[in-house]
Structure formats: C-alpha cells, structure tokens
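Here is a short briefing on a pocket and a ligand. Have a look at the structure first, then read on.

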Amino acid sequence: MSRPSVSRTDFNNVGACPTGLDPRRMPEHIAMIMDGNGRWAEAKGLPRIMGHRAGVEALKRTLRLCSDWGIGALTVYAFSTENWARPGDEVNFLMALFERVLQRELDSLQQEKVRIKFLGDLQVLPSKLQNLISEATALTSENNGIHFNVCTNYGGRRELVFAAQKLAERSAKGDLDPSLIDENVFASELFTAGELDPDLLIRTSGERRISNFLLWQLAYAEIHITDTLWPDFDATALREAIADYQSRHRRFGGLSSIDSCYAES
Ligand code: IPE
Ligand code: IPE
Ligand code: MG
C-alpha cells in the first residue's frame, strides 16, 4: 500500500518516545536488514552461528523497543532467497534456530499483542517450521499490537514474479480485466498486502545495498545505514536511526516536504 500524502494528526499510537525524538514524526513502519552476524562472531573468534544466536537477542530487543516507542510495523529480513547458497551447516542451523525461537517466544508474542506474519516463499521451508509459522500466524492474527513481519526465504524479485503470476491467473480465468491492473491492484498481490510501505529502511554492518529486499515497497523509504553489526544493535542505534529519519525532508517527488505538512497540522 502506498503512503498517503496526508497529515498524521490521527497518529495517536505514540508510546514512550525517547528524549530527542519528535513523537509526532516517528516512522510508522520500519524495515530492517539485519546484517553482520557472521562478522560479529568472527571478530570475537567464535563460529558464525554464535552471531546468529546473538542476532536473535538483538531482534527481541528491537521488537520490544519498536513496540514501546509506538512504531506500527517492523519488517525484518531473516533469510533471503539467495541465502540458500551458504554452506549447508549454516542453513540447517538457521532453520533449526527459527523453529526454536518461534516455539520459545510464541507465548510472549501473544501476551504482548504482537501480530506476527512470515513473508516469503514459505512452501519450501522445512515442514516443522511451516507448521509453527501457520500456528503463530493464526494465533496472533487478531492482535492489535505491532505488526511484526519476518521475511523468510524472501526475495523482492520472487515476490514480484509471484504477484505477476497471480494477476495473470486471475486474468486468464476472466476474473480480472488486465487494463484495470494499477499500482493498488498490483500491491494487493504482494506478501505485504494491507501494510503501509516502510518509512525507514535500516541496514546494519555498513553494507550499502538492499540485497533484493522489498524492491517495490521501499520506493520512497528513507535509508539509514549504520556500521553497527546486527547483534550489537540497541536502543542507542535505533534512536540514532530514527533521529536521522526525522532530519530528512520527504518530498515524494513533489517540492514541499511532507514534514512541513505535519508541522502545519
Ligand atoms: C545476517 O548476517 C543474517 C543472515 C543473512 C541470515 P550475516 O550472516 O549475513 O553476517 P555477515 O554479513 O556474514 O557478517
Ligand atoms: C541480506 O544479508 C539478507 C538478510 C539479512 C537475511 P546478506 O548478508 O545475505 O546480503 P549480502 O550477501 O551481503 O548482499
Ligand atoms: Mg551478511
């Protein structure tokens, strides 16, 4: 869903916003490329998998912070369609880790009213993980807390191809007139259907690329890149990212900043 060019005076989900940030201009949706687990571990002389373990703690911390600070949605990149190219041991460890963490954290996600979804080509994941994903999605689907989207076996190009296939199927069946396919119809076939586009993309570990993440949805996101490695990401790093976001002038192709529109309203 594209970002409405309206003021956010109706945004009343303001949580305990940290000092130095403007509570009226918090990003509504943050997307996160959680990168640098392997380097974090290697720098400590540990195997890469220890970095992934520490990455889970950073994720729990970040989800709680976003929820406490009134962020409406957090979409994280957990495993890309390209990550299968890693050594089998690392891939197997990651799949087992996703299963363990989901099993262990489901109760507290539910208590904290988190609505969890998994975005990606889920059919090829191990069947135990698929079952846990279905259970967690169904259990939390009515929750009114933060939207927590975990991109697992996710690739932006694959998502676009899937959307094109679904639209083609509907057209071939006679259910959809191709001339009626516009940006909203297209977006309704993406994994993120119904979610506002991210306002802010954060990538940790200093890499300056988007690595096939949310190719459609990031069209007008502000980008913050930090050298912090994902396992070290904390409240200070998140506050810095949001302060950077709040210093930007979002114009969406126009001439006046949407921020000034917030300020006037
Ligand atoms: C990100 O950390 C986690 C996943 C891609 C699963 P990396 O594993 O990519 O860590 P680096 O980039 O090698 O340090
Ligand atoms: C992006 O990180 C994918 C995830 C964080 C899950 P990568 O480490 O896979 O990206 P590249 O290979 O550096 O582009
Ligand atoms: Mg990496």
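How far is an oxygen atom of ligand 2 from an N or O atom in the side chain of Arg-209? The distance is 2.8 Å, a polar contact (a pair of N or O atoms within 3.5 Å). This is a predicted model, where local features need pLDDT of at least 70, side-chain atom pairs count only at pLDDT 80 or more, and totals for chains, interfaces and linings use all residues. Residues are numbered from 1 along each chain as its sequence is written, and side-chain values use heavy atoms, without hydrogens and water.

**Ligand 2**
- Asn-83 places a polar side-chain atom 2.9 Å from an oxygen atom of ligand 2, and for Ser-211 a side-chain N or O atom is 2.6 Å from a ligand oxygen.
- The protein buries 78% of the 390 Å² that ligand 2 exposes when taken alone (Shrake-Rupley method, 1.4 Å probe).
- Residues around the ligand (a heavy atom within 4 Å) include Ile-33, Asp-35, Arg-86 and Arg-203.
- Strand S2 gives the largest share of this shell, 3 residues.

**The pocket**
- Ligand 2 sits in the largest pocket (more than half of its atoms lie within 2 Å of the grid points).
- A pocket is an open set of points on a 1 Å grid where a 1.4 Å probe fits, with protein on both sides within 12 Å along at least five of seven lines; lining residues have an atom within 4 Å of a point.
- The volume of the largest pocket is about 980 Å³, and among its 44 lining residues, Met-34, Tyr-77, Ala-78, Phe-79 and Phe-98 are the closest to the centre.

Key
Chains are lettered from A and ligands numbered from 1 in the order in which they are written. Grid points are joined across faces, edges and corners, and a volume is the space filled by probe spheres set on the points. A polar contact is a pair of N or O atoms within 3.5 Å; within protein, one must be able to donate a hydrogen and the other to accept it, and residues adjacent in sequence count only if both atoms are side-chain atoms. Helices (H or I, at least four residues) and strands (E, at least two) are DSSP runs, numbered from the N terminus.
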